[in-house]
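Colleague: Could you walk me through this one slowly? I am new to reading structures.

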Amino acid sequence: MKKRLIATLMLFAMIAALVAACAQDDSAANGGAGANGGDAVPAVDDHLIVVARGLAVNMHPHEALDMNSAYLLNLVFDPLFRLNYATMEIEYALAESSEMSEDATSLNITLRPGVTFHNGDPVNAEVVRDSLYHTMNSPLVGFLISMVDNIEVNDELNLTINLAAPFAPIRRHLTHSGTAIIHPDTTNDNPIGTGAFIQESIVLDDRVELVANENWWGENAGINRITWRAMPEGTARLIEIETGGAHIAWDVNPSDLPRIEAHDNLNVHRSSSIETHFMAFQCEKAPFNDIRVRHAIAYALDIPLLSYTAYEGTGSPADSFLTPVVVYHHSIAPRAQNLDRARELMAEAGFADGFSTTLEFNSENQIYAQLAVMIASMLREINIDAEILQFEWGAYLDRVLAGEHELMLLSWNTITGDADYGLFDTHHSSGFPFGGNQSFYSNPATDALLEEGRSTLDSARRAEIYRLVQEQAFEAANILNIHHDERLHAAVASVRGFGVNPTGIIDLWNVFFG
Amino acid sequence: MGDVTVNVNNESKKKRSQLHDVWRRFRKSPIAMTGLCVVVFMVLVALFADVIAPSDGRNPGYDIHNLGNRFQAPNAEHIMGTDEFGRDIFARVVHGSRVSLLVGFIVVTFSMTLGVIVGAIAGFFGKVAENILMRFIDVLLSIPPILLAISIAAAMRPGMMSIVLAVGIGALPLYARVMRASVLTVKEQEFIEAAYSIGASKFRIIRKHVLPNCIAPIIVQATMGLAYAILWAAALSFLGIGIQPPTPEWGAMLSEGRMYIRDHWHMVMFPGMAIAIMIFALNMMGDGLRDAFDPRLKK
């Protein structure tokens, strides 16, 4: 009996050694120069294979508001305008020219002539009007152009969008995939757009096949077919392109950067982003209705350290709710960590012995788990006991909208690239809780400035307004901005023309194999 | 079954000797003894976690950050290395044994108690009671356990309580079925008939005669169930809906480390090994117990 036991244990030891040896071989091969050099997946017939976090939630542009959907919708549908990925300036897509009235209450649009949908039907002013009305009636994306009062069709290619109130950044809102122009017969199963690619087939939660639209109005650099595969794990996505299963890995883990950089056949594509990660207080709840407590917590946190550690040195510590690429971004350095000042403020507020609270985020976000652990550890220094709670995304959103949270982690994408989109919904008192003001921040002065900001066309005045708003928000500390994200993608070396947009959306028709 | 009948006449004395027999048989199996030793060792580690990896005064022993010391491979100072915050993984694995064992014991107590009651009533009374109870158990069995667990964990505040309920309800049918099956065989025995004939009440018969004779398979089931509970708790924590950070649950540690698995293998290796060893030991012990309780192997 004893002999058998020893034999069993030895067998285990041998298996363990074998596994360890194999693992070492693998890593040596990856690091070794040239070992993987020529093993790129060959570009057969300009067929691009992308691995991304997931597929679109819905392929009807007016029924989706998540990034996975936005990536794919951008390929199949065209909005009236697009953002240039390098400059964040507005470019024309389905619109050929446009003119804003001086009081910012109406927008004349001339459509690009001769554009057809994937099924051959022509795009005219009437179709565009109906599509925009369809957006307005959507409970999900209707808010994007809720300021539109009515749309007049002037002739075949001309229409006028009349606004209920002056709204300067309307054209930027019309770059959002939620305002993309749809064929009236579009459904989730049968998306009919005007875009560069046509959806050929879809396998639920697995892959989408797209083929190039030969009648597209724009210029396709040389991709005939895209296979878009879902792969939720960042490490798995990277392994997939390392081993030749795909050409582009969408979103890679910051911690994998050195590995990609050391690899002969892979390139990292990095770009600044419009996404800011932050911690918000529920300012209607005690003790966070006391500004001294919020300031104390601000002084207790080491923002640069949080940003650097959790995001492995990518991106930058946040200096505003808006990232530097957003128009009217105003940089204010975060409060430097000062535990004495923090304890003093806690004592002034009557919490010298601290209190207990909760810090919540959605369980899908691994990096938030790291931020939360570090924040909780920093808060212990001023006697605050923050219990960490993770919720599944839907449950989390419900809690936040109901104001049940105390401290929470979230991010905001200023997807139009304009300060109004970033600040209005999140800092105007009309925005809580459903509009995005999850901190329940309310300041009449800020409200007035934000209202003026969206009705002013003068960009010098707007810069002034949004500078003031960002200063007021910093003083109020209803939100502690932690990190400006950086977009990180990896692609095999033969992929050219891969320009990463700060919004995260990538115009894959610019890509070609070289 | 001879000594079981004797039980009725001379309960206390014979019971001790029966347990003694079980222990004697158990002791003879080296596999079972190895399992037992490992489990006892783990329990000791869990009990003395605060001594092995003490707190620094402000932070619990498992959550002492040292960002200058991140991602250290195992070395003399940190025998299992450090994680992304420079926390000592050995300290976390040690404290993790406390969490896992605690969850396991509470889950087993919860599901065993309920399962035994349901199974005993269903088995002993039969007819309508059996139909209602066992159909209810069938309904529980028909729900995929991971789905049940995720729903419960999502509906409640995440933490120990939701894990206990989720895993406990998932495991309940196992105990109920085992219990019912053994009650069905026991209640046909002659000594039960004898108890009836001397006028014992049904409650007394269940308590004094049925339960003690059905307990062996339940004990075996509970040992295996402990392994099951620890594994499921780890799975739920891996998914982020179980034990919350910074509490070092082994499954949660695996989840934290998976992002770094290719560069810092030690972050997943040690919690993973802890789970594997624990489950393996419990299963070895469970097998040993089953054999030891089996009267057919008496000689």
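Colleague: How many helices and strands are there in chain B?

Modeller: Chain B has 12 helices and 0 strands, where helices (H or I, at least four residues) and strands (E, at least two) are DSSP runs numbered from the N terminus. This is a predicted model, in which local features need pLDDT of at least 70 and side-chain atom pairs count only at pLDDT 80 or more, while totals for chains, interfaces and linings use all residues. Residues are numbered from 1 along each chain as its sequence is written, and chains are lettered from A and ligands numbered from 1 in the order in which they are written.

Colleague: And what does chain B span along its principal axes?

Modeller: The C-alpha trace of chain B spans about 75 × 45 × 35 Å, and buried residues make up 45% of its 299 residues. A residue is buried if 20 or more other C-beta atoms lie within 10 Å of its own, exposed if 12 or fewer, and partly exposed in between, with C-beta atoms placed from the backbone.

Colleague: OK, where does B:Gly61 lie?

Modeller: B:Gly61 lies in the loop between α4 (49-52) and α5 (89-125) of chain B.

Colleague: Is B:Gly61 buried or exposed, and why?

Modeller: B:Gly61 is buried, because 20 other C-beta atoms lie within 10 Å. Leaving out residues up to four places away in sequence, B:Gly61 touches B:Asp50, B:Ala53, B:Pro54, B:Ser55, B:Ala91 and B:His95, and two residues count as in contact if their C-beta atoms, placed from the backbone, lie within 7 Å. B:Arg92 is 31 residues from B:Gly61 in sequence, and the two are 7.8 Å apart in space, C-alpha to C-alpha.

Colleague: Switching to chain A, why is helix α2 largely enclosed?

Modeller: Helix α2 (residues 67-76) of chain A is largely enclosed by the rest of the structure because 9 of its 10 residues are buried, including A:Met67, A:Leu72 and A:Val76. The buried residues of α2(A) pack against β1 (47-52), β8 (197-203), β9 (207-212) and β10 (225-230) of chain A.

Colleague: Which residues have the most contacts inside the largest nonpolar core?

Modeller: Those are A:Val50, A:Leu72 and A:Ala249, in a core of 76 residues; a nonpolar core is a set of buried Ala, Val, Leu, Ile, Met, Phe, Trp, Tyr and Cys residues joined through C-beta atoms within 7 Å. The largest share of this core, 7 residues, comes from α2(A).
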